[in-house]
Amino acid sequence: MINSTQVSYFALAAYFDTGLFKYLYFMVIVSLYMLILCVNLLLIVVICMNRSLHEPMYLFLCSLFVNELYGSTGLFPFLLLQILSDIHTVSVPFCFLQIFCLYSYGSVEFTNLAVISYDRYLAICCPLQYHANMTSHKVAMLIVVIWLPPFCAVFITTCLSASLQLCGNIINRVYCDNYTVIKLACYDTSVNNVYELIAASLTVFAPMSVIFYTYMRILKVCFSGSKQTRQKAVSTCTPHLASLLNFSVGVSFEILQSRFNMDSVPHMMRIILPLYYLTCQPLFNPLMYGLNMSKIRIKCKSLLLSSVEKCRSFHRFVHTE
């Protein structure tokens, strides 16, 4: 038996020797991470620099893109380091830091999507009262609600897990996972399990209830409203629903992997499926909103074209000199 005082690191058992292919995997993941950084930063800059986009919906989207940067940064540098390493271990403090980052990312994602659905509900169902209801003070308060409760809930979860006495240090994952760490505990973990249910209710089920309620109201208005109302609902709600569905499917993969015996699933699939919501969502959201929302698309094109023109002007200037 290994006491908690002796566990100074965790061994990540899901990694296996890929030979020279590790350099290919490294380049693929670096490219994906750079693409995620570029598209999310582009949309954040576009929203912050254009006063015409300083509306509640775009500010909530900006918060969503910041969360994508936060979540991907909690995973990708770690993956890149582990791919090139011959020994796949991680220190206990860093492991719990990663658990905090990834779990808070997922929780913030749900609360952010819930706030966006509430904003769409007000815009579609109460258009005349929208600006009276969605004041700048309320927008600031909602952004605090997006971030603060999930961070507090996940912080307590991480502290409870970090206080456990562990009888092992092998994690059969490619990154640190809270449920896998809890299973290494030497004694009963009922307190952790009960708190995780409470935290999940606050950070997942409560936001999902808000989303379900708001969309029931939006659908009711769409069926009884004009064609223009239906078109507005479809244009603004489609990216949100696609994002919610994509993230929910990814989180489902993670829950299945953690809670059930997946030995019958091929080893590579057991690695890829839990990574889905952490790798695809940060790229899916900016592409979905950037391509589908005309205001953002136009501003992005304008910014990119002006940047290209400045580069050309600088190039011509250098040559003339």
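Leaving aside neighbours within four places in sequence, which residues is leucine 61 in contact with? Select leucine 61 and look around: Ile47, Ile116, Tyr289, Met293 and Ile296 are in contact with this side of the search, where contact means heavy atoms within 4.5 Å.

This is a predicted model: local features need pLDDT of at least 70, side-chain atom pairs count only at pLDDT 80 or more, and totals for chains, interfaces and linings use all residues. Residues are numbered from 1 along each chain as its sequence is written, and side-chain values use heavy atoms, with hydrogens and water left out.

**The cores**

Next, select Tyr58, Phe60, Leu61 and Ile218. Of the 48 residues in the largest nonpolar core, these touch the most other members. Such a core is a set of buried Ala, Val, Leu, Ile, Met, Phe, Trp, Tyr and Cys residues joined through side-chain atoms within 4.5 Å. Buried means under 20% relative accessible area (1.4 Å probe, protein chains only).

Now colour the helices (DSSP runs of H or I, at least four residues, numbered from the N terminus). Among those supplying at least two residues each are α1 (21-49), α2 (56-84) and α7 (190-224). The largest share, eleven residues, comes from α2. Apart from this core lies another, of 32 residues, including Phe78 and Ile182.

**The sheet**

Move to the strands (DSSP runs of E, at least two residues). Three form an open, mixed sheet in the order β2-β1-β3. β2 (89-91) and β3 (170-171) stand at the edges with a single partner strand each, so one side of each has no neighbour in the sheet. Pairing requires at least two DSSP bridges. β1 (residues 9-12) pairs with β2 in the antiparallel sense over three bridges. Find alanine 11: threonine 89 in β2 stands opposite.

Technical notes. Buried < 20%, exposed > 50% of the residue type's maximum accessible area, 1.4 Å probe, protein only.
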